[in-house]
Amino acid sequence: MKASFVFFSLILALTPVLRAEITDLPQPGDEFPQPLPPDTPGTPPGPGPQPEPPQQPAPNPIPGRISVGDYVLSGPFVGKQYYTGVVVQVSGNGRLINVRDDRDRKVYQRDARLISKRMRCGARSICEGDRIVEGPTNSTYYNGTVHSAYERGLFVIRRDQDGRYYIRDQSRIQRAY
């Protein structure tokens, strides 16, 4: 009985991984194939030494965009989940960022494309502490306060109704007057 329970548990745990492998879904950080460089003029094709194709350097990170100690919002991940945290390390090429998560205090490696840096004011000059109207959510609008603003037009909103925090895109909020 115990062995069959372990067997079925293992099958259930591996099912999402196997499904992702079978469907060959892209994962964060997957590189898209680049076109081949054009042939060098005057070089005959065929046997013999061929010149090496020019190497494309890795894209440089935007200077000063993210550095150690910045507060960031990571996501979206599976299930549209976002996580807040503090940057503890940035890779040399700027593509990978280690973030200490605010919830469990563990350090996770994140793709730089999924990181939004915290700012004082966000899109449309909506700033921390501003009163907003958020919605519609199921044809309902909610009042709240901007807790924090991030790059890419993302905001953490604290609703007056329930006191909970929500991640919202700039298109879903308006400044209350």
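## Two exposed loop residues

Arg 105 counts as exposed, at 53% relative accessibility. For burial, the cut-offs are these: buried means under 20% relative accessible area, exposed means over 50%, and partly exposed is in between, all with a 1.4 Å probe and protein chains only. You'll find Arg 105 in the loop between β3 (96-101) and β4 (107-111). Its phi is near 65°, a positive value in a residue other than glycine.

Lys 80 has a positive phi too, near 60°, and is likewise not a glycine. Lys 80 lies in the loop between β1 and β2 (81-90). With a relative accessible area of 72%, Lys 80 is exposed. The strand and helix labels come from DSSP runs, numbered from the N terminus: helices are H or I with at least four residues, and strands are E with at least two.

Residues are numbered from 1 along each chain as its sequence is written, and side-chain values use heavy atoms, with hydrogens and water left out.

Now for the confidence score: pLDDT is the predictor's confidence in each residue, from 0 to 100. The chain has a mean pLDDT of 78, and 64% of its residues reach 70 or more. Confidence is highest in β7, at 96, and lowest in helix α1 (residues 2-23), at a mean of 55. Over residues 56-60 the pLDDT is below 50, and this stretch has four contacts in the model beyond near neighbours in sequence. A contact here means heavy atoms within 4.5 Å. Where pLDDT is low, the predicted coordinates should not be read in detail.

## Strand β7 and its partners

Which strands pair with β7? Strand β5 (residues 115-119) pairs with β7 (residues 140-150) in the antiparallel sense, over two bridges. Strand β6 (residues 131-137) is also antiparallel to β7, with five bridges. Strand β8 (residues 154-159) runs antiparallel to β7 as well, and six bridges join them. To count as a pair, two strands need at least two bridges found by DSSP.

You can follow some of these bridges residue by residue. Met 119 has Ala 149 in β7 as its bridge partner, Glu 134 stands opposite Tyr 142 in β7, and Ser 148 has Val 156 in β8 as its bridge partner. When you look along a strand, keep this in mind: in a regular strand the side chains alternate between the two faces of the sheet.

β7 and β8 form another, with three residues between them, where Arg 152 in the turn has a positive phi of about 65°.

## Two cis prolines

Look for the cis peptide bond that joins Gly 75 and Pro 76, with omega about 10°. Pro 76 lies in strand β1 (residues 71-77). Another cis peptide bond joins Gly 135 and Pro 136, with omega about 0°, and Pro 136 is found in strand β6.

## One disulfide

The structure holds one disulfide. A disulfide is a covalent bond between the sulfur atoms of two cysteines; the cut-off used is a pair of cysteine sulfur atoms within 2.5 Å. This one joins Cys 121 to Cys 127, at 1.8 Å from S to S. The link is right-handed, with 95° about the S-S bond of Cys 121 and Cys 127.

Are the two cysteines buried or exposed? Cys 127 is buried, with a relative accessible area of 13%, while Cys 121 is partly exposed, at 33%.

## Aromatic rings

There is one aromatic pair. Phe 77 and Tyr 83 make it up, 5.9 Å centre to centre with 40° between the planes, so it is classed as tilted. Rings of Phe, Tyr and Trp (its six-membered ring) pair if their centres lie within 6.5 Å; planes under 30 degrees apart are stacked, over 60 edge-to-face, and the rest tilted. Phe 77 is partly exposed at 25% relative accessibility, and Tyr 83 is partly exposed at 26%.

Finally, check Arg 159. Arg 159 lies over the face of Tyr 142, at 3.8 Å from the ring centre, and over the face of Tyr 166, at 4.1 Å from the ring centre. A charge sits over a ring if NZ of Lys or CZ of Arg is within 6 Å of the ring centre and within 35 degrees of the ring normal.

Note on methods. Predicted model: local features only at pLDDT ≥ 70, side-chain atom pairs only at ≥ 80, totals over all residues.
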